[in-house]
Amino acid sequence: MNHVNEIISHRQKLPENLQKEVLDFIYFLETRYSSKLNIPERNELTDKEVDQACGILQAPHGITLEQMDEAIKKRGGSL
């Protein structure tokens, strides 16, 4: 198993909030070592990068943003 697959495997076992921390740590490493690794700085991820990094935005079935908002409101959450 290569490093990318291993990272993805471990990431999938974490809750969503910790997956975000993993992504934040990756950004930190890129920023810290970008001059040494020649990694271009960027502020946005592509859709594919977000999908690969998090995988948390995929719903098992079709759902609209309005439906998600309504479900959050019913649970007493906020956006």
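Tutor: Happy to; we can go from the whole chain to a few side chains.

Tutor: This is a predicted model, where local features need pLDDT of at least 70, side-chain atom pairs count only at pLDDT 80 or more, and totals for chains, interfaces and linings use all residues. Residues are numbered from 1 along each chain as its sequence is written, and side-chain values use heavy atoms, with hydrogens and water left out.

Student: What is the mean pLDDT of the protein chain?

Tutor: The mean is 77, and 68% of the residues reach 70 or more; pLDDT is the predictor's confidence in each residue, from 0 to 100. Confidence is highest in helix H1 (residues 3-12), at 86, and lowest in helix H3 (residues 47-53), at a mean of 70.

Student: How many helices and strands are there?

Tutor: Four helices and zero strands. Both are DSSP runs numbered from the N terminus: helices are H or I with at least four residues, strands are E with at least two.

Student: And how much of the chain is buried?

Tutor: Buried residues are 6% of the 79 in the protein chain. Buried means under 20% relative accessible area, exposed over 50%, and partly exposed in between (1.4 Å probe, protein chains only). The accessible surface of the chain is about 7100 Å², with 55% belonging to carbon and sulfur atoms; areas come from the Shrake-Rupley method with a 1.4 Å probe, and for residues only the protein chains shown count as cover.

Student: Switching topic, which side chains meet in a salt bridge?

Tutor: Those of Asp24 and Lys20, at 2.5 Å, N to O. The term needs a side-chain nitrogen of Lys or Arg within 4 Å of a carboxyl oxygen of Asp or Glu. The structure holds one such bridge.

Student: Where do Asp24 and Lys20 sit relative to each other?

Tutor: They are four residues apart in helix H2, so about one helical turn separates them. Asp24 is partly exposed at 34% relative accessibility, and Lys20 is partly exposed at 44%.

Student: Is Gln19 buried or exposed?

Tutor: Gln19 is buried, with a relative accessible area of 6%. Gln19 is also in helix H2, and a polar atom of its side chain lies 2.9 Å from the backbone oxygen of Leu14.

Definitions and conventions: Polar contact = N/O pair within 3.5 Å; in protein donor to acceptor, adjacent residues only side chain to side chain.
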